[in-house]
Amino acid sequence: MKKLLTSSVIALTALAGAASADINACLITKTDTNPFFVKMKEGATAAAEANGISLSTFAGKIDGDVESQVAAVETCIASGAKGILITPTDSRALTPVITQARDAGALVIALDTPFEPASVADATFATDNFKAGVLIGEWAAAKLGDEAANAKIAMLDLNASEISVDYLRNNGFLQGFGIDIKDPTDIGDEDDPRIVGNDVTNGNEEGGRTAMENLMQIDPEINVVYTINEPAAAGAYEALKSVGRENDVLIVSVDGGCPGVQNISEGVIGATSMQFPLLMASLGIDAIKTWAETGTKPQNTEGLDFYNTGVELITDEPVDGIPSLTSAEGLEKCWG
């Protein structure tokens, strides 16, 4: 994978509603343009207002902008934040500054993307990202039936850092599809000839289009496309459409945003695994309030090193043995 160079630009918004001077908190997301993080910010803001917490929000310019998240955490430490909610853009590189925040007395909760190890943060509220990948992998294999043995698969990942959310979804999809994964924390080390290749998207539509174009140069007969999220899936679809192949390729993804679910109904995406960012954010704010008032930290889901906020497969082409919701049902539960 190519090493991504990113600018360290911080987008900072301070939000103060019915705020309590006693409890202040921070939300730090990867970007403020991805619908997933937009909805997470809405959920955190609403929960903070309801709980009388003063919330400051920060976001990087692009997924992978580590320096901006480091600077944001440092700002939160300096402000005496009681709690920090963060979707880490690099689940390893942020460890030192997160340790500083906890040493300063802040409760740190990872949202969506676990740290490595998860114990870097006090708690994690997230989708079971590996299961999310497994669901769309199983669905794609079932849709192809016997032809799954001859699939030509494009893997559209996040970025060169290979953070936890990236390799968990990637390898979950491969396992669900029936491909032997090697190192479960690595991307691209498989030797199955059905995998045409991996490319990075930065989790946005432009990146998805470019990555799809790159992989079609390797094999123009790709017929299965895994994508890290729905914006990347939309970009991949546009690249396929430009060469007249939009109707004979299965695209699968993870997110469950309303635009993505709408793309299910329109045939752009075959299946997606729905996450619940509003729930992640509201649980995080509740946990900060409890911590500030009682010193009690949140507990993990039994048997896991995080609190599982759930996942649902959304498709209009259900297959036997894999529970799913239709796009119409998904539009009743989606976000953004």
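## Pocket lining

The residues that line the largest pocket split into eight nonpolar, eight polar and seven charged. This description rests on a predicted model. The pocket has a volume of about 310 Å³. Of its 23 lining residues, Asn34, Phe37, Asn202, Gly203 and Asn229 are the closest to the centre.

Two helices stand out in the lining. H1 (35-51) and H5 (164-177) each supply at least two residues. H1 gives the largest share, three residues.

H7 covers residues 230-241, 12 residues in total. From first C-alpha to last, H7 reaches 16 Å. That is close to the 16 Å expected at 1.5 Å a residue. Of the 12 residues of H7, 10 are buried, so the helix is largely enclosed by the rest of the structure. The buried residues are Glu230, Pro231, Ala232, Ala233, Ala234, Gly235, Ala236, Tyr237, Ala239 and Leu240.

## The largest nonpolar core

In soluble globular proteins, nonpolar side chains tend to be buried together. Here the largest nonpolar core has 32 residues. Trp139, Ile153, Phe173, Phe177 and Val252 touch the most other members. Helix H4 (129-144), S7, H5, strand S9 (224-227) and strand S10 (250-255) each give two or more residues to this core. H4 provides the largest share, seven residues.

## Buried positions in helix and strand

Phe173 sits in helix H5. Its relative accessible area is 0%, so Phe173 is buried, the cut-off being under 20%. Phe173 and Asn214 are 41 residues apart in sequence and 21 Å apart in space, C-alpha to C-alpha. Val252 belongs to strand S10. Val252 counts as buried, at 0% relative accessibility. Between Val252 and Ser265 there are 13 residues in sequence and 13 Å in space, C-alpha to C-alpha.

Ile28 is found in S2 (residues 20-29). With a relative accessible area of 1%, Ile28 is buried. Its C-alpha is separated by 23 Å from that of Pro259, 231 residues apart along the chain. Ala271 lies in S11 (residues 271-274). At 0% relative accessibility, Ala271 is buried too. The C-alpha atoms of Ala271 and Ile23 are 248 residues apart along the chain and separated by 41 Å.

Most residues other than glycine have a negative phi, and most peptide bonds are trans. The loop between strand S5 (107-111) and strand S6 (123-126) holds Pro117. A cis peptide bond joins Glu116 and Pro117, with omega about 0°. Asp112 lies in the loop between S5 and S6 as well. Phi of Asp112 is positive, near 75°. Asp112 is buried, with a relative accessible area of 3%.

The loop between strand S7 (153-157) and helix H5 holds Glu162. Phi of Glu162 is near 50°, again a positive value in a residue other than glycine. Glu162 is buried at a relative accessible area of 14%.

Key. Residues numbered from 1 in each chain as written. Predicted model: local features only at pLDDT ≥ 70, side-chain atom pairs only at ≥ 80, totals over all residues. Heavy atoms only, no water. Helix = DSSP H or I, 4+ residues; strand = E, 2+ residues; numbered from the N terminus. Buried < 20%, exposed > 50% of the residue type's maximum accessible area, 1.4 Å probe, protein only. 1 Å grid on protein atoms, 1.4 Å probe; cavity = no way out; pocket = protein on both sides within 12 Å on 5 of 7 lines; lining within 4 Å. Points joined across faces, edges and corners; volume = space filled by probe spheres on them. Nonpolar A, V, L, I, M, F, W, Y, C, P; charged D, E, K, R; others polar. Expected span 1.5 Å × (residues − 1). Core = buried A, V, L, I, M, F, W, Y, C linked by side-chain atoms within 4.5 Å.
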